[in-house]
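Subject: Structure handover

Hello,

Below is the structure I said I would pass on. My notes on it follow.

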Amino acid sequence: MRHDDYANIIAHINTKVGMCVAARVSRAFFAILLKPTRLALQKMGLCAEQRFQISIRPLALVRQCSCVKERTKFSGSIPAAYDRYLGPILFQPYAEDLAARVPVKKTSSVLELACGTGILTRVLRTYLPSKVKLIATDLNEPMFRQAAAKFGKGEKVRWLEADASDLPFDDRKFDAVVCQFGIMFVADKALAAREAYRVLKRNGLLLFSVWDGMKHNKLGELAHRTIASYFKKDPPTFYQVPFSYHNRTEIRRVLKQAGFREIKTEVIAKIGQAKRAEDVAKGLVEGNPVAATIAKRDPSLLPVITDAVTAAITRRFGKQNIHAPMRAIVVRARI
Ligand SMILES: C[S@@+](CC[C@H](N)C(=O)[O-])C[C@H]1O[C@@H](n2cnc3c(N)ncnc32)[C@H](O)[C@@H]1O
């Protein structure tokens, strides 16, 4: 290797270390600066409940204000519809599966990313010993605000607004990082993998699930096609996101590059069950950011499209006692 190459590598390392230190110093500085504002907002009741914390990271705040894409904005009436109509059929069965894979140790600490309305959080809190610290985070505070009613007073969960690719935690804090059906929404998967790696303790476990392709998840496919059929130009693309990250070779490559080892992927097929086709349709249309996209174009289309999705589900799975095949990939890796 030539001297110039060495010099370039050293310069690159120095820049990275410098950026890291600068980011940490500015993080601490802004945390101190913004604390009185946060406390004042909490007193005025403007910042949700005291046990929900807002992010005090300048980078995260800037990102959330300016760049939150329509497709990741779970807010307004979406969290309630998501939790009520999609939770039981799509997310509960996989939450039980994923929680059972988390190692049970009395004194561990578990970080959940993209916790949404707390469907996995609920199962984890029941399953893990009460001494295990459980921190549940999501990009959209309205999602985890929906979760609160599921937990008793004595059940400890710390809720925090956080971007999975910009975690507000020190290095090596957690024994496990878990995430159910959230990684697909994170724009920079490599960054999210590096962040998970950074906050895990030595020998820590990363465990997450993603949906397999749309052709294995017919409810998503039906919703996507039916919604698109109402827009001749520029149809909503929301449903491409949850079914976009299932290439196992690519997932392994990203994790390996972040430093993970013992990477294992497993395809898990399940049957989603619901009583009524119209409830599933409500969830698929109104329980996702696609609802906001449709409403922005023409609010009167929302009930029309929900009816059309109900009809499509009825044709395929019947009007009642729906049994729909679903397929996910569960990924585990160690640092
Ligand atoms: C399909 S929901 C899954 C929620 C939950 N894990 C479950 O199983 O019900 C996707 C979640 O990812 C969250 N999300 C999207 N982008 C995110 C990001 N960059 N960082 C953290 N969470 C994000 C959304 O707010 C939403 O709650």
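I start with Lys275, which is placed in strand β7. Helices (H or I, at least four residues) and strands (E, at least two) are DSSP runs, numbered from the N terminus. Before going further, please note that this is a predicted model, in which local features need pLDDT of at least 70, side-chain atom pairs count only at pLDDT 80 or more, and totals for chains, interfaces and linings use all residues. Residues are numbered from 1 along each chain as its sequence is written.

Lys275 and Asn321

Lys275 has 13 other C-beta atoms within 10 Å and is therefore partly exposed. The scale used here calls a residue buried if 20 or more other C-beta atoms lie within 10 Å of its own, exposed if 12 or fewer, and partly exposed in between, with C-beta atoms placed from the backbone. Leaving aside residues up to four places away in sequence, Lys275 touches Gln320 and Asn321. Contact here means that the C-beta atoms of two residues, placed from the backbone, lie within 7 Å. From C-alpha to C-alpha, Lys275 and Asn321 are 4.5 Å apart in space, although 46 residues apart in sequence.

Asn321 itself lies in strand β8. It is exposed, because 11 other C-beta atoms lie within 10 Å. Its phi is near 45 degrees, a positive value in a residue other than glycine.

The chain as a whole

The protein chain has eleven helices and eight strands. Of its 335 residues, 42% are buried. Among contacts between residues at least 6 apart in sequence, 78% join residues at least 24 apart.

Helix α9

Which residues of α9 are buried? They are Ala277, Val280, Ala281, Lys282, Gly283, Leu284, Val285 and Glu286. Since that is eight of the ten residues of the helix (residues 277–286), α9 is largely enclosed by the rest of the structure. What covers these buried residues includes the helices α3 (78–99), α7 (218–228), α10 (290–297) and α11 (301–317), and the strands β7 (261–276) and β8 (320–334).

Two packed helices are described by the angle between their axes and the distance between the axes. Axes are lines fitted to C-alpha atoms, for helices over the stretch in contact, and angles run from 0 to 180 degrees between N-to-C directions.

For α9 and α11, the angle is about 130 degrees and the axes are 8 Å apart. α9 is therefore oblique to α11; angles under 35 degrees count as roughly parallel, over 145 as roughly antiparallel, 65 to 115 as roughly perpendicular and the rest as oblique. The crossing of α9 past α11 is right-handed. A crossing is left-handed if the near helix is turned anticlockwise from the far one by less than a right angle, and right-handed if clockwise. On the α9 side, the contact is made by Ala277, Glu278, Val280, Ala281, Lys282, Leu284, Val285 and Glu286. On the α11 side are Leu302, Ile305, Thr306, Val309, Thr310, Ile313, Thr314 and Phe317. By class, this contact of α9 with α11 has ten nonpolar, three polar and three charged residues. Ala, Val, Leu, Ile, Met, Phe, Trp, Tyr, Cys and Pro count as nonpolar, Asp, Glu, Lys and Arg as charged, and the others, Gly among them, as polar.

The axes of α7 and α11 come within 9 Å and cross at roughly 135 degrees. That angle makes α7 oblique to α11. α7 also passes α11 in a right-handed crossing. Here Lys218, Leu219, Leu222, Ala223, Thr226 and Ile227 of α7 meet Ile305, Ala308, Val309, Ala312, Ile313 and Arg316 of α11. The residues of this contact of α7 with α11 divide into nine nonpolar, one polar and two charged.

The ligand and Ala114

How many residues surround the ligand? There are 21, and the closest are Ala114, Gly116, Leu139, Ala164 and Phe185. A residue counts as near a molecule if its C-beta atom, placed from the backbone, lies within 6 Å of it. By class, the shell around the ligand has 13 nonpolar, six polar and two charged residues.

Ala114 sits in the loop between β2 (109–113) and α4. With 28 other C-beta atoms within 10 Å, Ala114 is buried. Its phi is near 50 degrees, a positive value in a residue other than glycine.

Regards
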